[in-house]
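Dear colleague,

Please find below the structure that I am handing over to you. My findings follow it.

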Amino acid sequence: MQQRQQQISKELLKQGSYINGNWLQHTDTFDVINPANQQLLAKVAIAGANEAQQAVLAADNAFTGWAAKPAAERAQLLQSWYQLVMQHQDDLARLLTLEQGKPLSEAKGEIAYGASYLQWFAEEAKRLYGDTIPAPSNDKRIIVQRQPVGVVAAITPWNFPNAMLARKAAAALAAGCTFVVKPAQQTPLSALALAELAHQAGIPAGVFNVVVGTDAKAIGEVFTGHAKVAKFSFTGSTAVGKQLAKQCADSVKRVTLELGGNAPFIVFDDADLDAAVQGLMAAKFRNAGQTCVCANRILVQRGVYQAFADKLAIAVTQLNVADGLAAGSQIGPLIDGKAVEKVAKLLQSALDDGAKVLLGGKTHSAGKQFFQPTLLSDVSADMAISNEEIFGPVAPLMAFDTEAEAIALANSTEYGLAAYFYSRDIGRVFRVAQALQFGMVGINEGIVSNAAAPFGGIKQSGYGREGSKYGLDDYTNLKYLCLGGL
């Protein structure tokens with residue numbers, strides 16, 4: 001471990017996979033790099049297909065005992081895990097910032113957000129209700145039970161390395177499933193720290209397992225092909241999600257996919273422009289624009305276009321771009337050099353097609369993986385930047401004239417994860433909310449994610465829901481019991 005890690009509790013700094021209650025060591029390692037300065041953070045032991053199989057078998061062996069535990073016991077263990085996460089919030093946040101780059105204030109928010117799923121599903125574990133259904137005759141009874149599906153395997157992304165893992169694992173364990181996860185290669189340390197706290201919370205060996213490695217394809221093939229895996233959950237790109245879903249089809253696994261997005265952010269002429277600017281700053285620039293629900297296309301009604309652009313420009317110029325551990329940092333680095341190249345390429349393509357830079361447009365002096373918060377005007381729907389996830393701090397502005405045009409522009413994408421719009425007309429609020437083809441809609445609100453709400457998309461943004469009372473559905477099977485001869 002290198003710079004500033006000494007501030008983090010050593011018990012949370014793990015450098016190998018966690019399988020069946022044990023920490024694996026290996027002579028072969030891979031480097032975890034701080035994206036803010038490209039310095040080495042840690043050398044982590046490489047696990048591959050063999051270790052992934054060990055983890056699946058450990059989860060399978062632990063399943064019967066875990067599923068048989070009374071819901072109240074599972075709930076208490078999840079509550080203990082939640083409490084430990086919050087007790088170590090500062091350390092976990094610092095670790096997250098070091099490996100992922102986001103500002104420390106955002107990292108602290110992510111830790112609390114991820115922990116909220118542990119708390120939520122600890123409570124929901126005790127509410128996994130079934131049904132009794134009126135039978136067709138008096139000598140029969142119809143009973144419906146919900147039972148855990150079995151072993152759950154998951155692959156989680158680098159942009160929210162704590163929260164995306166906690167959101168999946170909390171639901172799985174609450175339902176009585178056991179869990180195996182491969183975190184992103186760029187951000188394994190947050191996942192391993194969660195595993196340490198799960199261990200401290202008393203979650204039994206084999207119930208929660210973390211496999212870290214560089215061969216995502218080989219580990220993914222185990223997770224999607226192993227006969228003992230009943231459900232697979234993935235958060236990541238649409239292209240990879242499609243391939244993984246195909247692999248799951250051979251063994252007819254339950255699948256949840258949270259894939260790419262192309263979120264519209266619509267500002268109508270009756271909107272509170274100050275509130276809309278504030279909402280867009282949260283929806284666009286959080287985590288330097290590296291979120292799946294990030295505002296990707298900003299559609300502004302022509303009558304307020306210039307006024308909104310002026311107010312937005314003032315807010316953007318006030319953003320502080322700096323190392324996430326620096327005081328007051330609001331925009332950290334992009335995750336790696338490829339991310340910077342993608343943003344620059346999309347930006348140049350837009351400029352070649354007629355867009356104009358209002359602010360920014362270049363890499364930032366803070367470091368080679370930092371990009372200036374950027375505003376573009378004169379963007380059109382046929383530009384690449386309007387059709388691909390930017391995943392960077394670039395806000396493209398596009399004008400529209402009518403409500404119908406805004407809806408058509410918003411829906412003109414293969415993705416359907418999140419959308420946002422601002423309006424004070426109650427009729428318009430209901431019309432537009434109904435017409436938008438997205439799984440989640442923020443109305444006069446730029447942050448939509450919370451543990452009580454169902455998170456997920458439609459179209460090529462995937463299927464299944466995480467969080468909320470619906471979040472246990474994909475982790476349980478319905479069993480129908482027909483009692484006769486009564």
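For "domain: Aldehyde dehydrogenase", an unreviewed entry, UniProt lists residues 25-480; UniProt positions follow the numbering used here, feature names are shortened, and annotations may be inferred rather than shown by experiment. The model is a predicted one, in which local features need pLDDT of at least 70 and side-chain atom pairs count only at pLDDT 80 or more, whereas totals for chains, interfaces and linings use all residues. Residues are numbered from 1 along each chain as its sequence is written, and side-chain values use heavy atoms, with hydrogens and water left out.

Helices (H or I, at least four residues) and strands (E, at least two) are DSSP runs, numbered from the N terminus.

Strand 16 (residues 394-400) is mostly covered, with six of its seven residues buried, that is, under 20% relative accessible area (1.4 Å probe, protein chains only). Strand 16 runs parallel to strand 13 (residues 295-301), and four bridges join them; two strands pair if DSSP finds at least two bridges between them. Here Q301 stands opposite F400 of strand 16. Strand 15 (residues 374-377) is also parallel to strand 16, through three bridges, and L375 has A395 in strand 16 as its bridge partner.

Helix 2 (residues 71-87) includes Q87. Because its relative accessibility is 59%, Q87 counts as exposed, the term for values over 50%. Q87 and I111 are 24 residues apart in sequence and 11 Å apart in space, C-alpha to C-alpha.

Yours sincerely
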